Amino acid sequence: DILDISRCAQISRQLNMISNDTSLWQSWKKLSIHNFQPEKKKVPTEFLTYIIQKGITELSLIKCEILPPKVKLAELKQPLSLKSLILDKTEGNKTLVNKILTSYSMEKVDFRQCMSSWDVSQFIKVLPQIGSQLKSLNLLSQFPGELCDMSSISIIVDCCLDLEELSIGGNFLNDNAIYYLCENLTSKILKLDIRIGEWLDRITGMNDNNVRVLVKRCPQLRVLDIGYNEKLTYQGLVAIIEGLHFLEYLGIPDSIANELGLPNMAALGRRSNIDSLKMCRL
């Protein structure tokens, strides 16, 4: 495996030369480094640089701590093969990862539950230069955040025209940002997590008119989570049911769930369940 190859490379010059043979790396496209123990797994920056230069296309760092480089990092050779980067509860030295996030185009960037550890705002600012290939963006915040303001939303919407998956749950969006998102989000979007409603006694979120505009703009949606948007009523749900014919999963706010006699945090995961709501005119 990758660790074996890396260790062998340190034994002698001959094995180091062999370890650099591209045929050894052709089958290694995806790498996930994770730790399910309470402490974070420590990962050297030099190791990450090494495997990225070898042509890794998908890298997941789950519950890791990136160690600072021992010497000044060499410039990454372009173009990189890396297309997907997942950071889940990952902390530590940001030098290499920030360089990748702000300098190279990728298809998937996932800041799952670690947005506070990275300069996400800087990543969003460079999307006009590197965001044209982005298909999946996860800005899900573990704690209520304000990284998805009007400026950020407009950049994401205007620059990521091939976006198919977007998650902005857990972030405050004011009315202008919500309106702009619903009016201009790419019609290619297939999955949308917009759980942005009542957090910490601040009431914001989508209303029924926002939903009607979104449904008309993005009819191909297959997954939609609108939980916590307590301004929504059953009329917004009707617009979703009647307008999104390919919908496979729908998360709804507690207010609507209570109105329909469903459990809180309800999620309708089958099209038959969604269609059955057409008969529930209260």
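Q: Which residues line the largest cavity?
A: This is a predicted model, so local features need pLDDT of at least 70 and side-chain atom pairs count only at pLDDT 80 or more, while totals for chains, interfaces and linings use all residues. Residues are numbered from 1 along each chain as its sequence is written, and side-chain values use heavy atoms, with hydrogens and water left out. A cavity is a set of points on a 1 Å grid over the protein atoms alone where a 1.4 Å probe fits but cannot get out, and a lining residue has an atom within 4 Å of a point. By that rule, the lining of the largest cavity is Leu 101, Tyr 104, Ser 105, Met 106, Val 109, Phe 123, Leu 127, Ile 130, Gly 131 and Leu 134.

Q: What volume does the largest cavity have?
A: The structure holds two cavities of 30 Å³ or more. A volume here is the space filled by probe spheres set on the grid points, which are joined across faces, edges and corners. For the largest cavity, the volume comes to about 40 Å³.

Q: How many residues in the lining of the largest cavity are charged?
A: The classes are simple: Ala, Val, Leu, Ile, Met, Phe, Trp, Tyr, Cys and Pro are nonpolar, Asp, Glu, Lys and Arg are charged, and the others, Gly among them, are polar. In the lining of the largest cavity, eight residues are nonpolar and two are polar. The number of charged residues there is none.

Q: Which helix gives the most to the lining of the second largest cavity?
A: The second largest cavity has about 40 Å³ of space, and its lining includes Leu 48, Leu 59 and Ile 100. By class, this lining has nine nonpolar residues, with no polar and no charged ones. At least two lining residues come from each of helix H3 (45–53), strand E3 (58–62) and helix H4 (95–103); helices (H or I, at least four residues) and strands (E, at least two) are DSSP runs numbered from the N terminus. With three residues, the element that gives the most is H4.

Q: How are the rings of Phe 111 and Phe 123 arranged: stacked, tilted or edge-to-face?
A: A search of the whole structure turns up one aromatic pair. Rings of Phe, Tyr and Trp (its six-membered ring) pair if their centres lie within 6.5 Å, and planes under 30 degrees apart count as stacked, over 60 as edge-to-face and the rest as tilted. The ring centres of Phe 111 and Phe 123 are 5.6 Å apart and their planes stand at 65°, so the pair is edge-to-face.

Q: How far apart in sequence are the parts that Phe 111 and Phe 123 tie together?
A: Both Phe 111 and Phe 123 are buried, where buried means under 20% relative accessible area, exposed over 50% and partly exposed in between (1.4 Å probe, protein chains only). Phe 111 sits in the loop between strand E7 (108–110) and helix H5 (120–125), and Phe 123 sits in H5 itself, so the parts they tie together are apart by twelve residues.

Q: Which residue forms a salt bridge with Lys 42?
A: The structure holds seven salt bridges, each a side-chain nitrogen of Lys or Arg within 4 Å of a carboxyl oxygen of Asp or Glu. Lys 42 is in strand E2 (residues 41–44), and its partner is 23 residues apart, in strand E4 (residues 64–67). Lys 42 counts as exposed at 54% relative accessibility. With its closest N and O atoms 2.9 Å apart, the partner is Glu 65.

Q: Where does Glu 75, the partner of Lys 99, lie?
A: The side chains of Lys 99 and Glu 75 meet in a salt bridge, 3.9 Å from N to O. Lys 99 is partly exposed at 35%, whereas Glu 75 is exposed at 61%. Lys 99 belongs to helix H4, 24 residues apart in sequence from Glu 75, which lies in the loop between E4 and strand E5 (84–88).

Q: Is Thr 57 buried or exposed?
A: Thr 57 lies in the loop between H3 and E3. Leaving aside residues up to four places away in sequence, Thr 57 touches Lys 29, Ser 81, Leu 82, Lys 83 and Ser 84, a contact being heavy atoms within 4.5 Å. With a relative accessible area of 19%, Thr 57 is buried.

Key:
On a 1 Å grid over the protein atoms alone, a cavity is a set of points where a 1.4 Å probe fits but cannot get out, and a pocket is an open set with protein on both sides within 12 Å along at least five of seven lines; lining residues have an atom within 4 Å of a point.
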